[in-house]
Amino acid sequence: MKFDTVIIGGGLAGLIGGIRLSQEGQRCVIVSSGQSALHFLSGSFDLLNTLPDGTAVTEPFSALRKLIQMEPDHPYAKLGTTRCEELARQAELFFKQIGIPLKGTSQKNHYRVTPMGALKRTWLTVADFITSEDSKKLPWKEITILNPIGFLDFYPQFIAAEFKKLGTHCTIHSFNLPDLDILRRNPTGMRATHIARILDKQENVKELARIIKEQSGRSDTVILPASIGLSSSDMLRYLEEETGKSICLVPTLPPSIAGIRMQQYLCNYFKQLGGVYMMGDNVTGADMEENRIRRVYSCNHGNIPFEADNYILATGSYFSRGLVAGREKIDEPVFNLDVSYLKDRNEWYTGNIFEPQAYQQFGVTTTLGFEAIRKGRTVENLYVAGVILEGFNPVKEGTGGGVSILTALHIADKIVKEGGR
């Protein structure tokens with residue numbers, strides 16, 4: 001099978017790279033092993049929230065130079081400050097053009113509400129989620145919080161307590177629908193995805209609209225757990241039109257409705273552009289000649305290879321087995337690429353789970369252009385994108401989404417510009 005670019009990994013970086021290349025007329029295939037970390041999306045993408053020394057970041061562009069000085073191997077350091085700024089603006093336009101409404105700008109972080117009701121700095125947030133431009137207050141004085149009876153992955157009391165600190169009063173109501181009783185027969189039935197399938201039914205949306213009208217009173221806005229709109233965000237618009245109320249969502253514990261919908265949307269958009277998405281398959285090996293990948297093989301296709309001019313590795317970190325930790329070393333299992341890690345395993349972590357852990361900065365070594373390195377030599381047509389990269393802590397810094405998006409766009413632009421070498 002012949003393609004212009006083969007992308008290994010169907011998460012955020014892989015999908016964005018595939019869409020961007022397909023927009024430029026490339027024939028691409030994404031080989032994805034299964035569920036990606038997008039299914040755990042909190043509702044937002046971070047660009048840069050905190051410097052490695054713990055300094056909070058309000059304006060990401062202003063803090064980039066300090067970040068690069070502290071972490072010279074950081075993916076942002078390889079891109080450089082000017083290119084990071086270009087790519088961040090390009091990303092905002094990219095999402096807008098493909099029809100994904102997001103709130104936020106790279107000029108200044110805003111705040112989105114966490115599942116526990118706290119405000120967290122971020123870059124881009126799904127439009128339906130509750131956000132604020134101010135870390136000390138919300139845009140509303142009176143809020144009604146509605147929660148399905150028995151839904152334990154949402155915490156109205158915690159949210160109300162946090163909002164009270166911000167000067168906002170919350171009234172909490174629980175509601176029920178007959179169809180939800182079916183879920184309660186199973187101890188694990190009351191989960192966001194299952195509830196969303198119930199609430200997305202037309203007859204239940206109408207009943208929910210009636211409940212909102214009845215219980216929201218004079219509230220400025222209504223908050224629901226992010227367990228609605230699995231099939232379409234139009235559900236929320238319908239509720240707003242029917243009730244005359246502003247309605248916002250707060251993320252729940254995973255799985256994430258917003259993340260699943262994002263994954264489905266990006267995947268469908270990629271396929272509409274002519275891309276081939278192979279779900280449930282793993283790349284198992286490759287043929288190399290003169291420091292170039294000539295073809296790769298997958299589990300499902302046996303001896304039928306994928307051939308391309310360029311390859312992108314975007315398999316994620318430990319969660320999706322893009323990196324595999326053994327007792328003595330960290331491996332990249334697809335191509336056996338060079339990985340940076342500390343040789344003494346005792347230095348991989350600290351006893352305090354709230355401190356930055358060294359293993360979170362381990363990752364695949366690349367050139368400044370994100371070409372992979374294998375046994376000390378550059379693999380000229382294999383690029384690496386996303387959180388599998390070395391030199392940064394996506395959790396503590398709040399850079400995971402930004403690195404995935406920016407490196408994917410940068411590599412796609414590089415491939416298009418060089419026209420396949």
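How far is the sulfur of Cys 170 from the closest cysteine sulfur, and in which residue does that sulfur lie? I looked this up at the outset and found 12 Å, to Cys 248, which is too far for a bond.

**Basis.** I worked on a predicted model, in which local features need pLDDT of at least 70 and side-chain atom pairs count only at pLDDT 80 or more, while totals for chains, interfaces and linings use all residues. Residues are numbered from 1 along each chain as its sequence is written, and side-chain values use heavy atoms, with hydrogens and water left out.

**Cysteines.** I took a disulfide to be a pair of cysteine sulfur atoms within 2.5 Å. By this rule I counted 0 disulfides. I then checked burial, where buried means under 20% relative accessible area, exposed over 50% and partly exposed in between (1.4 Å probe, protein chains only). Cys 170 is buried at 13% relative accessible area. Cys 84 is buried as well, at 2%.

**Helices α1 and α10.** I used helices (H or I, at least four residues) and strands (E, at least two) as DSSP runs, numbered from the N terminus. Axes are lines fitted to C-alpha atoms, for helices over the stretch in contact, and angles run from 0 to 180 degrees between N-to-C directions. The axes of α1 (residues 12-23) and α10 (residues 257-272) come within 9 Å and cross at roughly 30 degrees.

I next listed the contact, meaning heavy atoms within 4.5 Å. On α1 it is made by Leu 12, Leu 15, Gly 18, Ile 19, Ser 22 and Gln 23, and on α10 by Gln 263, Leu 266, Cys 267, Tyr 269 and Phe 270. By class, I recorded 7 nonpolar, 4 polar and no charged residues. Here Ala, Val, Leu, Ile, Met, Phe, Trp, Tyr, Cys and Pro count as nonpolar, Asp, Glu, Lys and Arg as charged, and the others, Gly among them, as polar.

**Ser 404.** I placed Ser 404 in helix α12 (residues 400-418). Ser 404 counts as buried at 8% relative accessibility. Leaving aside residues up to four places away in sequence, Ser 404 touches Leu 12, Ala 13, Gly 386 and Val 387.

**Leu 313.** I found Leu 313 in strand β17 (residues 310-313), buried at 0% relative accessibility. Not counting residues up to four places away in sequence, the residues touched by Leu 313 include Ile 8, Glu 332, Phe 335, Leu 382 and Ile 388. I also noted that the C-alpha atoms of Leu 313 and Asp 46 are separated by 21 Å, with the two residues 267 residues apart along the chain.
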